[in-house]
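Open the structure in your viewer and keep the selection panel at hand. The stops below are taken in order.

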Amino acid sequence: MTLSVTDVNAGFGGSTVLRNVSLAVDPGKVVTVVGPSGTGKTTLLRLLATFRRPDDGTVAWDGDDIWAMADDERLGIRRQVSMVFQEPSLFNAPVHRNVSYGLRVREPWQARLRRSFGELVGSSRPADTVVSALETVGLVESVDQNALSLSGGEAQRVAFARALAVDPAVMLLDEPTSNLDPHNTALLENAIERARDRGVGVVVATHDMHQAKRISDRMAFLHDGELVETGPPEQLFEDPTDARTARFLDGELLVGDRERSRVPQSPTADP
Amino acid sequence: MIPLQAQLPDGGWTYVVSIVAVSLYVSLTAVGLSTLFSLPVALGIGFTDFRGKRLVTAVVNTGMGFPSVVVGLVVLILLSNSGPLGSLDLAFTPRAMILSQFILATPVLLSVSLSAVEGVDQSVRDAAYAMGGTRVDVGLAVIKEARFGIVTAILAGFGRAISEVGSILIVGGNIVYSDGQSYTRTLTTAITVEARQGRYEVGLVLGVILLALVLAVNGLGSWLRNQGRGERSV
């Protein structure tokens, strides 16, 4: 099951954020999307998660245009894709309720009502998948804690567990380790690798080039809304075909560097 | 001094009990219906950007100050025999009172719940959608996040309804049966009658009951908010 975008354009209020971007997420592969801030990484992930239609181009599931599908069919596809946001976006509820949210919305209404009634009259045990997802991120002891009382790093791990608990075919992760210390970063990277080994297709938007190198099967370098180059990490790091990729990976191409990036600069040209 | 029991109209304490029952029936039904109407509308207005949204919000906020006698007059005209809804035969019935209290409570409920819904971060909607929620699931997630504000909205709507006198006096007619049982007489309209007839003690008793009811409902709301704070939402 391959999730892909083909020649998509997307913008906000007249300005174009993504231009003719094509990218495919194959099962059992990790694709990292790298590039300076404000370059369209989050917009690309939101297109893949069908938050919005592209202005042009197609978002497809196994080659079928998702936006040409009926609502029910599109919902079925959406439920095979989960996303973790840059901000953890947790509900004001205990951790286990956050992690089980995706499982609960997938239940038929009768089952949901029955379960809600059961929870009202007696206590309920979190589902095994919820506990197992929390074990993966090392937070099983926080199962009953309110999610809003967690630290930034813990919240990010709960958000990851929530995305993992629904056993998705594709995971979209927007800066999933930005709030994490090295230990927990390694924990999440291991979880990503285990998901990949189970056949999950993973897209990770990241600023961390070391992480991209560690976990990628393929890297995609996005700059100024354009997909400049894709390929295995070794190729991008060692033999990039585009000068902008080389400059970015050398740490020279930064935010607001759009125009200068196209023209080689002499050392004295910069103030 | 004349004992209170002797001052009570025909029916004695059953008169008082029936008045309380009618008051609660009319106001709770009106607020219940208004909640069912206001929450989806608040979600609709809160979730969508459309031309004239600020105007709609301003109209809703203005509606909180609707003079109740004007609402009563308009409802009575609509429901009177010669009015467009005259065939429903609702004038001077508890249902007419429910309708007028619904009209009065809705702007309050809508306005407070709208600001509660708009106060919920966009990230909650995003998370509910990204985890496979339907439009209804996303709406429910927002309602649950905004639950404290929504409880406040319902309490404010109930406060507006139960303490209102002008419109229900006009559309309900303040009717009691000959055995002293209330048909359309509520605590507020009964107080006006008792005051006019000089039975101040009875009026004061009814006033204390009204205050106690409002206090009890607010107490329940505060308890719910405290119970719910930090407990499960979604």
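**Before you start**

This is a predicted model, in which local features need pLDDT of at least 70 and side-chain atom pairs count only at pLDDT 80 or more, while totals for chains, interfaces and linings use all residues. Residues are numbered from 1 along each chain as its sequence is written, chains are lettered from A and ligands numbered from 1 in the order in which they are written, and side-chain values use heavy atoms, with hydrogens and water left out.

**Stop 1: chain B**

Chain B has 11 helices and 0 strands; helices are DSSP runs of H or I with at least four residues, strands are runs of E with at least two, and both are numbered from the N terminus. The C-alpha atoms of chain B fill a box of roughly 70 × 45 × 25 Å along the principal axes.

**Stop 2: the interface**

The size of an interface is often given as the accessible area lost when the parts come together. Here the two chains bury about 2,200 Å² between them, with 56% of it on carbon and sulfur atoms; buried area is the accessible area (1.4 Å probe) lost on putting the two parts together, summed over both.

Across this interface there are 9 residue pairs in polar contact, both residues being at pLDDT 80 or more. A polar contact is a pair of N or O atoms within 3.5 Å; within protein, one must be able to donate a hydrogen and the other to accept it, and residues adjacent in sequence count only if both atoms are side-chain atoms.

**Stop 3: B:Asp137**

The whole structure has 15 salt bridges over all chains, and 3 salt bridges cross the interface of chain A and chain B. A salt bridge is a side-chain nitrogen of Lys or Arg within 4 Å of a carboxyl oxygen of Asp or Glu.

Select B:Asp137 and A:Arg112, which form a salt bridge with the closest N and O atoms 2.8 Å apart. This pair runs from helix α4 of chain A to helix α7 (residues 135-145) of chain B.

**Stop 4: the largest cavity**

Select A:Leu3, A:Ile66, A:Met83 and B:Tyr129, which are among the residues lining the largest cavity. About 80 Å³ of space lies in this cavity. The largest share of its lining, 3 residues, comes from β6(A). A cavity is a set of points, on a 1 Å grid over the protein atoms alone, where a 1.4 Å probe fits but cannot get out, and lining residues have an atom within 4 Å of a point. Grid points are joined across faces, edges and corners, and a volume is the space filled by probe spheres set on the points.

Key
1 Å grid on protein atoms, 1.4 Å probe; cavity = no way out; pocket = protein on both sides within 12 Å on 5 of 7 lines; lining within 4 Å.
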